[in-house]
Amino acid sequence: MLIGEVARRSGVSARMLRHYESLGLLRPTGRTGAGYREYSREDVRRVLDIESLRSLGLPLREVGRALDDPGLTPSALVGDLIRQTRERIAAETELLTRLRRIDAAEPAGWDDVLRVIALLRSLGSTSADARQRAALSSAGEVQVPVEALVQAALSETDPNVAGALRWALARSDDGAPALLAEGLDSPLAAVRERAVRALAELTGAEATDRLREALASPDPAVRGHAALELGTRGEVDAVPTLVDMIVAGRNDTDAADALSRLSTSGTGAGAGDTATADRIATGLVDRLAPGAEQAPARGRLTQALAGIPGTTVTAALRELSHDADRAVALTAVYLLQRRDAP
């Protein structure tokens, strides 16, 4: 068959067939008496094989090797293709992300575009000083998109830069709480902690809601940061976690202080009244039952009762003053004396 028929059957243009021939990929079986190229069915099959391998992204030179070198294993070529494709996808994804972030900044002109690009580059700099300057500059006329700030905050290891990034996020547009909340599910503990610390510096109802959700995290560090911040905001939902922190001896002094503040200034149901103080007192006293916790934990729980007002605590301290654990009993007696002092 002639080249036109081959082109029709294979879907490959006559021009491309001639190109394949020039590269040595395709050789017509013969020529007609008039000198035209004549192709066999095997030649057509060769064309289809070439196209199939090209569809995998193989360069034409590698296509020829694959078809003509019996010693060449497919795994080597396919492995290279996988690596190259991944690299290309990563590069294209990075470019797409950069473009989306520039678009999110809503630049008014090319000068704004260039400023955003410069800030984004600085956020990814190997220099901590450059990253910090970029974070502090991000609240200027041309702001860095919140997504870029969150990504930088979740990956930042330098404490000064991390603080600047949290400052920038606290002044950013809406969207930061939801993006930071995604970091709470990271498989990396350091990322989870950065996420909750950044959330703790955000104001507003959404940030508070996200911190409440963090109380259910399986990561005790995340729960702890969330509870301490919620305690400063007067959220009584933090009480069980704060009590757990005292038992575990993890930031127990801060947790006790948070409970003391909550006992007089909660914002949940019964906040700021006797019910809140009694709820906190009950949470502490229940864990003080003999055999409920080890001696060191019972000591910390008794000390935490010092900052909680109300008759529930007073009654508990009177009972604890006769506790079998001498350290607990002495602490209870001391606290009772302070409460009774004029």
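Modeller: pLDDT is the predictor's confidence in each residue, from 0 to 100, and this is a predicted model.

Biologist: Over which residues does pLDDT stay under 50?

Modeller: For the protein, the mean pLDDT is 88, and 96% of the residues reach 70 or more. Where pLDDT is low, the predicted coordinates should not be read in detail. That caution applies to a stretch for which the model has 13 contacts beyond four places in sequence, and pLDDT stays under 50 there, over residues 267-272.

Biologist: Are α11 and α13 roughly parallel or roughly antiparallel to each other?

Modeller: On the α11 side, R192, E193, V196, R197 and A200 meet V222, H225, A226 and E229 of α13, and by class this contact has 4 nonpolar, 1 polar and 4 charged residues. The axes of α11 and α13 lie 9 Å apart, and the helices pack at an angle of about 10 degrees. Because angles under 35 degrees count as roughly parallel, α11 and α13 are described as roughly parallel.

Biologist: Which residues lie nearest the centre of the largest pocket?

Modeller: The largest pocket has a volume of about 400 Å³, and α5 (74-104), α6 (110-123) and α8 (146-155) each supply at least two residues of its lining. By class, the lining of the largest pocket divides into 5 nonpolar, 4 polar and 6 charged residues. Of the 15 residues that line the largest pocket, those nearest its centre are R101, L120, L123, G124 and Q151.

Methods:
Residues numbered from 1 in each chain as written. Predicted model: local features only at pLDDT ≥ 70, side-chain atom pairs only at ≥ 80, totals over all residues. Heavy atoms only, no water. 1 Å grid on protein atoms, 1.4 Å probe; cavity = no way out; pocket = protein on both sides within 12 Å on 5 of 7 lines; lining within 4 Å. Points joined across faces, edges and corners; volume = space filled by probe spheres on them. Helix = DSSP H or I, 4+ residues; strand = E, 2+ residues; numbered from the N terminus. Nonpolar A, V, L, I, M, F, W, Y, C, P; charged D, E, K, R; others polar. Contact = heavy atoms within 4.5 Å. Axes fitted to C-alpha atoms, helices over the stretch in contact; angles between N-to-C directions. Parallel < 35°, antiparallel > 145°, perpendicular 65-115°, else oblique.
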